[in-house]
Amino acid sequence: MVSDLFHAFLMICTIGLTFLFPKTWLAEYDVQISAILFIFLYIGKRILTPKGQTGRVLESVIFTFIIVSIINTTGGVTSPFFFLLYFLLFALSLLLEPVISIISTISLIVFFLLTLQSDTSLESMLPVFSLAFLAPFAQFMGQQYITGLKEKQRSALLNDKLISQQEQTYLFMSLIMKNHIANIKDAVENYTGDHELDKIKKTARRMESLLMKYENNMDDPSKKM
């Protein structure tokens, strides 16, 4: 929950900066700034930060800043690059929590409405409102992606457990059962009377007991064989 709030606050601040960016002298160097940010992203992903949540947050912030800045410096809602916001919302729902796409959409709509000229026509505002219809679908896709990752992790855990059980079975058969079979074989080859017969019976009962304990151990891993 804390990470969700932090990521939401971070994205709102990033989007806010992208709307202030065109009003500063830095807008003249938008291409150079974008190149520097991409270099920083590359270094951050390769050296400074491990591949994980930190790397995804870094990607989200940099891509959001670059894309929204390009749109705001090339006409805002009338920019030919406005469609990039659709891809950005899907990317945010996959990189961060799915709800971030909703929060980012609301932030974008609010900032666009606050920066629109008073004589802006309703037709030119349609792309802004179209973001609201796209956000729920982006959130759904993000939730499906997370569900798929959890299923993949669960499948990997089950596969590891199966491999572990197979190794335990091999160890049980190769060490314990092999020794008891050798004892039975030795008793049969040197059979002279009731003493060897009793030995074979005891070994057979011991094998049966070990097999039952092993089966119980497979059913309940908390029990020790």
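Trainee: Why is Y29 called partly exposed?
Mentor: Y29 has a relative accessible area of 38%. Buried means under 20%, exposed means over 50%, and partly exposed is what lies in between, with a 1.4 Å probe and protein chains only as cover. The 38% of Y29 falls in the middle range, so Y29 counts as partly exposed.

Trainee: And what makes W25 exposed?
Mentor: The relative accessible area of W25 is 61%, which is over 50%, so W25 is exposed.

Trainee: What should I keep in mind about the model?
Mentor: This is a predicted model, in which local features need pLDDT of at least 70, side-chain atom pairs count only at pLDDT 80 or more, and totals for chains, interfaces and linings use all residues. Residues are numbered from 1 along each chain as its sequence is written, and side-chain values use heavy atoms, with hydrogens and water left out.

Trainee: How many helices and strands does the chain have?
Mentor: The chain has 7 helices and 0 strands. Helices are DSSP runs of H or I with at least four residues, strands are runs of E with at least two, and both are numbered from the N terminus. Read from that end, the order is α-α-α-α-α-α-α. Of the 225 residues in the chain, 30% are buried.

Trainee: How many aromatic pairs are there, and by what rule?
Mentor: Rings of Phe, Tyr and Trp (its six-membered ring) pair if their centres lie within 6.5 Å; planes under 30 degrees apart count as stacked, over 60 as edge-to-face and the rest as tilted. By this rule there are 8 aromatic pairs. In F19 and F111, the ring centres are 5.3 Å apart and the planes meet at 20°, so this pair is stacked. F19 sits in helix α1 (residues 2–20) and F111 in helix α5 (residues 99–115), 92 residues apart, so the pair links distant parts of the chain.

Trainee: Are these two residues buried or exposed?
Mentor: F19 has a relative accessible area of 7%, which is under 20%, so F19 is buried.

Trainee: How do you know which kind of pair W25 and Y29 form?
Mentor: Their ring centres are 6.2 Å apart, within 6.5 Å, and their planes are at 80°, over 60, so the pair is edge-to-face.

Trainee: Which residues do ring pairs link into a cluster?
Mentor: The cluster holds F19, F82, Y86, F111 and F112.

Trainee: How do you know whether the span of helix α4 agrees with its length?
Mentor: The expected span of a helix is 1.5 Å times one less than its number of residues. Helix α4 (residues 84–95) has 12 residues, so it should span 16 Å, and its end C-alpha atoms are 16 Å apart, which agrees. The buried residues of α4 are L85, L88, L89, L92, S93 and L95.

Trainee: What about α5?
Mentor: Its 17 residues should span 24 Å, and the end C-alpha atoms are 25 Å apart, which agrees. Among the buried residues of α5 are I100, L108 and F112.

Trainee: Why does E59 count as buried?
Mentor: E59 has 18% relative accessibility, under 20%, so E59 counts as buried. E59 belongs to helix α3, which covers residues 53–73. Contact means heavy atoms within 4.5 Å. Apart from neighbours within four places in sequence, E59 contacts L41, K45 and L95.

Trainee: What makes T14 buried?
Mentor: The relative accessible area of T14 is 6%, under 20%, so T14 is buried. T14 lies in helix α1. Leaving aside neighbours within four places in sequence, its contacts are V61, T64 and F65.

Trainee: Why is I70 called partly exposed?
Mentor: At 28% relative accessibility, I70 is between 20% and 50%, so I70 counts as partly exposed. I70 is in helix α3 and touches S79 and F81, not counting residues up to four places away in sequence. From I70 to A27 there are 43 residues in sequence and 9.6 Å in space, C-alpha to C-alpha.

Trainee: And what follows α3?
Mentor: G75 follows, with a positive phi near 120°.
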